[in-house]
Amino acid sequence: MPDQARGGFTRRRLLLIAGGGVASAAGLEALAGCGETSPEGESSLASANVEAPQLPSAPVFASQSPVLCTLLSFFDRHEALTVEAFTARLLPGDDADPGARELCVAHYIDRKLAQHASFATPTYAQPPFAKPAKGHEPGRDGDTIYVAEKDLPLYGFQSSATPHDAYRTGVAALDKASATLYGHDFVGLPEKLQDDVIAGMQATDPSAKPGDYPAAAVAEGKKLKPFFAPPVPSAFGFFTMLQNDTSEGAFADPVYGGNRLLGGWKLIGYPGAQRAWTAAELKHGPHERTIQGLRDMPPMHPGHPQPHVILPLAGSTRTQS
Amino acid sequence: MATKHARVDVVTIGAGWTSAILGAKLCPKGTTIVALEQGTHRWTYPDFAHDHDSLRYSVRYAMMVDLARETWTWRPTPGKPSLPMRQYGSFNPGEGLGGAAIHWSAQLWRFLQYDFRHRSHIVERYGASKLPEGSTIQDWPIGYDDLESYYDAFEWDIGASGLAGNVRGTIRPGGNPFEEPRNRGYPNPPLAVNRFADMFGSACKELGLHPFPQPAGITSRAFTDPYGNLRSGCLYCGFCTRFGCEVDAKASPQNTHLPVALETGRYDVRLGCKVLRIETGADGLATGVTYVDGTGQEHFQPADVVVASAFTLENNRLLLLSRSKRHPKGIGNDRGRVGRNYTYQIYPQTVVGLWQGQKLNMYMGNTCTMNIVYDYNADVFDHSDLDFIGGMQLFSEPGEREPVNSVTDLKTKSGKSWGAEWKRELGRNWDSYAGINTEGESIPYEDQFLDLDPNYSDRFGNPLLRLTFSWHDNEKRMWRYMYARSLEIMKAMNPTRLVGPTPGIPDYNIAKYQSTHPTGGCIMGSSPGDSVTNSYGQVWDTPNVFVTGAALFPQNPGANPTGTVAALAYRTSEAIASRYWRSPDELLD
C-alpha cells in the first residue's frame with residue numbers, strides 16, 4: 001500500500017533526525033512506535049516530550065512501551081504505563097502477534113482523552129445522580145436519587161465522573177489496591193497477578209448471576225471493591241471503560257491513533273473499509289481485496305469511477321445474484 | 001421578546017420524512033410550510049461521501065440527538081425511581097435534516113390486517129379471556145385496505161426492493177405467503193442475501209417454514225423515481241444502519257421527497273431551531289409554535305396547522321409541554337390520553353451459532369441482506385394451546401458487522417471476553433459466528449406509559465419525557481417459545497457449537513441497544529375517549545394540530561414501523577389537500 005510505504009520512509013527520516021537529538025532508547029522507540037505517520041515537524045517536539053531515561057523500578061523496558069514514545073497529551077508517564085499494562089492484559093500480544101501494546105491502544109486513549117474535554121460520546125451529565133439505596137427508601141432525597149442496588153445496572157451508565165476524572169482516580173485506585181494487596185503498584189505486578197486483579201474487577205459486575213464468574217475472581221473482587229468507592233469509578237465501571245477503550249483503540253480506524261498498521265483488523269480477518277462488495281462476495285468471501293483504512297478509500301465523488309464500484313449511477317444488474 | 005414571523009399554512013416540528021412527505025404532497029398545490037429542525041443539514045454529497053467510520057457513527061453516534069442537551073428518563077414500573085438515559089442504549093433517535101430516515105435500516109413492511117384489528121381478532125378467535133391481564137390492546141380505526149394504495153405509492157416512490165408474496169390473492173413462490181394481498185409487486189427485485197441467509201433459508205425450508213428475502217427501502221439496481229430522482233443500486237458496503245448512504249441506494253427524504261418539496265419554493269426549512277411548545281388561542285385551537293434558534297433567540301411562527309412530525313418520544317413530550325388555559329394538561333390531553341399505550345419492540349437475538357473454520361462474510365452487506373420467516377409472527381400460527389398472544393419475525397443476522405463494537409460479543413467457551421485465550425478465539429472466529437434475530441410484537445399495558453419527569457429537565461428547563469416500561473409475562477412467554485423455535489432452526493444449520501444468549505428474555509433495560517421503535521402515546525382511535533387523534537392523526541381536542549409518525553400506533557406489531565409511518569403520512573397529506581382546507585379546524589370524517 002502506498003501510504004504505508006510513505007510511512008516507512010517517514011519513520012526512517014525521523015530516525016536520522018532523532019539521532020542528532022535525544023538519543024535515548026525511548027527516543028528511538030518513538031520511531032518504530034505509535035503515531036503512525038508523524039509529520040516531520042513534530043519529531044523534535046515528540047522526542048523532547050519523552051521523559052527519557054527515568055525507567056521505573058519495575059521491569060518495564062522502553063521496547064515494551066510504545067506509549068512512552070509518543071507525545072503524551074493527557075496521561076502522565078506512570079498513568080500511560082499503567083493503562084498500557086492493563087490493556088495489554090486484555091489484549092495481549094508480541095511483535096509477531098500484536099496486542100493492545102503493539103497496536104498503540106494507550107496512545108489512542110491518551111489522544112481521545114485529550115481531544116474530548118468531556119465525553120467522546122453524547123452524554124447527559126446533569127444532576128441529580130443515583131446512588132444504591134442501602135438503607136434508604138428508593139426515590140429522591142436532596143441531590144441524590146436512591147435506586148435499589150439490584151435495579152441500578154438496568155439504568156446503564158449513571159456515573160457523575162467524566163472520563164478524565166475516571167482515568168485519573170481509577171489508575172490511582174488501581175495502584176492503591178495493588179500496593180495494599182500485593183506490595184507493588186499495578187505495573188509492577190507480574191502478569192499473572194495483573195490478570196487476577198482484572199478478573200476480580202470484572203467479577204464485581206453488579207448484574208452478575210451466581211456462576212457467571214469463577215469463585216476466585218469473585219473473592220478477588222470483594223477485596224478490590226472498597227478501593228473503588230465514589231468518587232472513584234466502580235471496579236466494574238473502570239474495567240468496562242478500559243475494555244471498551246481497548247476495543248476502540250485496537251479495532252477503530254488507524255486515523256484515531258490506534259490499530260497500528262491495521263494490526264487489529266488483520267488479527268480478526270477484517271479487510272477494512274471498502275467502498276463496495278458484490279453479491280458474489282457476500283456468499284463466497286472477498287475477491288482480490290487489499291486490507292485498507294479510511295485514508296486509502298477516496299471519498300465517493302459523483303462521476304469519479306472507483307475500483308469495485310459497479311457503475312453506481314448506470315443501472316447495472318450485475319449486483320444481483 | 002420573541003421574533004414574530006409571517007403566518008404560513010403549515011408548520012412542522014422536525015424536518016424528517018413525514019415532514020418531507022407533507023412538503024412533497026402539499027407544497028406543489030400551493031401550501032406554504034415552515035419546517036423547524038433542531039439539527040443541521042446533510043446531503044449525500046459531500047456529507048456521506050466518506051463516512052465508513054465505525055467509531056464516529058456507530059460508537060459516537062454522530063447522527064443521533066445530542067444527549068448532552070436532552071435525553072429521556074426511564075423506570076421499570078411506576079413505583080420505582082426514574083433516571084435519565086445518560087448515554088445511548090435502548091434506542092437511537094436521530095436529528096438533522098431527514099431525521100432518522102438518513103440512518104435507518106430500511107427494513108420495509110406493510111402491517112397485517114391482524115395488526116389493525118388486534119383486539120377484535122384475539123377476542124373473536126380465542127375469547128376475551130385470552131387478552132393478557134392489564135393490557136390495553138385496541139383496534140386501529142382503519143384497516144389494511146384503507147392503507148394499501150398508500151403503501152403501494154410509497155414503495156414505488158422510494159424504489160423498494162423485494163419479492164411479493166401475495167399479489168391480489170395469488171401466492172408467489174419465494175415471497176412472504178403470510179402478507180396481505182398487494183395490488184402489484186415491488187418496483188425492484190430483492191437485494192442480494194449473504195451466505196448466512198442461505199444457510200438459514202435452507203434450514204427453514206427443511207423444517208417446512210417459508211423463508212423470504214427482506215423487503216427493503218434500498219434500491220437493488222439503479223432507479224429513477226416518479227419525481228425524476230436518479231439513484232444508484234446498493235453497493236453492499238457494510239455501513240448502512242447509523243450511516244448515510246453515499247450513493248443514494250438507501251431511500252431517505254434527501255433522495256425522494258425533500259427535493260420535490262424544496263423545488264416549490266414553498267417548503268422553508270429552518271435549521272438549529274428547537275420548538276418549545278405549541279401555542280393555543282382563546283378558542284383552544286393552535287395559533288403556531290414558539291421556538292428557539294441556534295443563537296438562543298426566541299421566535300413565534302404562526303400557522304393555520306401545526307404538525308407534530310418529530311420522533312415518537314418528542315411528539316409526546318411536545319403535546320404534554322403545550323399547556324395552556326384551554327388545555328391545562330397539554331394539547332390532546334384533555335382526557336388524559338397522551339402517553340398511554342406506549343409500546344416498543346422485542347428485538348434481541350435468540351440463539352447464536354459458531355461454525356469453526358468457516359467465514360461468513362458478516363462485515364459485508366446491509367441490515368436487509370437476510371432471509372426471514374413470518375411463520376411465527378402475529379397470529380399466523382395457532383395460539384389456542386399457547387400461554388401468550390402475539391408473535392415475532394425470526395431472521396438471519398443480516399451483516400454489516402463492525403469490529404469496534406462487536407469484538408467483545410465473542411466470548412471463549414468459559415465466557416471470557418479478554419485475555420490470550422479470547423484473543424485466539426477472536427482471531428479464529430470473529431467472522432464465523434452469527435445468530436437468529438427476532439422482531440416481536442409489543443402490546444400496551446396500564447402500567448406502561450409516558451409522562452413528564454419530575455426531576456430532570458433540558459437546557460431550557462423543560463421537563464424531560466419519562467418512560468415507564470418493562471416486559472410483561474406475555475412477552476416473556478412469547479420469548480421462550482421463540483427461543484425454542486429458533487433453536488430448532490439453528491440445530492438444522494449444524495453449528496460447531498452454540499455461543500448464544502439464554503432462553504429467558506432479561507428484564508427490559510435501557511442500557512443495551514434493542515431498536516429505535518418506541519411507538520404509541522399519541523394513538524389514533526375511533527373516539528376521543530380511547531385515543532388522542534383520529535385516523536388522520538388529527539388531534540381530537542385541537543383539530544388544527546396533527547401528529548405524524550409511530551406515536552399514532554395503538555400497539556406495535558412484529559415489524560418495522562417506517563412503511564406504515566409513511567403510508568399514514570401519505571393518507572394525511574391527501575386528506576389535508578383534498579378536504580381539510582375546505583372546512584379548516586373541523587375534524588375530518
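Trainee: In helix H10 of chain B, which residues are buried?

Mentor: The model is a predicted one. Within helix H10 (residues 420-429) of chain B, the buried residues are Trp422(B), Lys423(B), Glu425(B), Leu426(B) and Asn429(B). A residue is called buried if 20 or more other C-beta atoms lie within 10 Å of its own, so each of these five meets that cut-off.

Trainee: Why are the buried residues of H10(B) said to line one face of the helix?

Mentor: Viewed down the axis of H10(B), they fall within an arc of 160°, and they therefore line one face.

Trainee: What covers the buried residues of H10(B)?

Mentor: The cover includes helix H10 (263-268) of chain A, and from chain B strand S16 (349-354) and strand S19 (433-440).

Trainee: In what order do the six strands of the open sheet in chain B stand?

Mentor: The order is S8-S17-S18-S19-S16-S22, with antiparallel pairing. Strand S8 (212-213) and strand S22 (497-498) of chain B are the edges, because each has a single partner strand and one side without a neighbour in the sheet.

Trainee: Which helix packs on the sheet?

Mentor: Helix H7 (residues 195-206) of chain B does, touching strand S17 (371-373), strand S18 (392-396) and S19 of chain B. The direction of H7(B) makes about 30° with that of S17(B).

Conventions:
Residues are numbered from 1 along each chain as its sequence is written. Chains are lettered from A and ligands numbered from 1 in the order in which they are written. This is a predicted model: local features need pLDDT of at least 70, side-chain atom pairs count only at pLDDT 80 or more; totals for chains, interfaces and linings use all residues. A residue is buried if 20 or more other C-beta atoms lie within 10 Å of its own, exposed if 12 or fewer, and partly exposed in between; C-beta atoms are placed from the backbone. Helices (H or I, at least four residues) and strands (E, at least two) are DSSP runs, numbered from the N terminus. The arc is that of the directions from the helix axis to the C-beta atoms. Two residues are in contact if their C-beta atoms, placed from the backbone, lie within 7 Å. Two strands pair if DSSP finds at least two bridges between them. Axes are lines fitted to C-alpha atoms, for helices over the stretch in contact, and angles run from 0 to 180 degrees between N-to-C directions.
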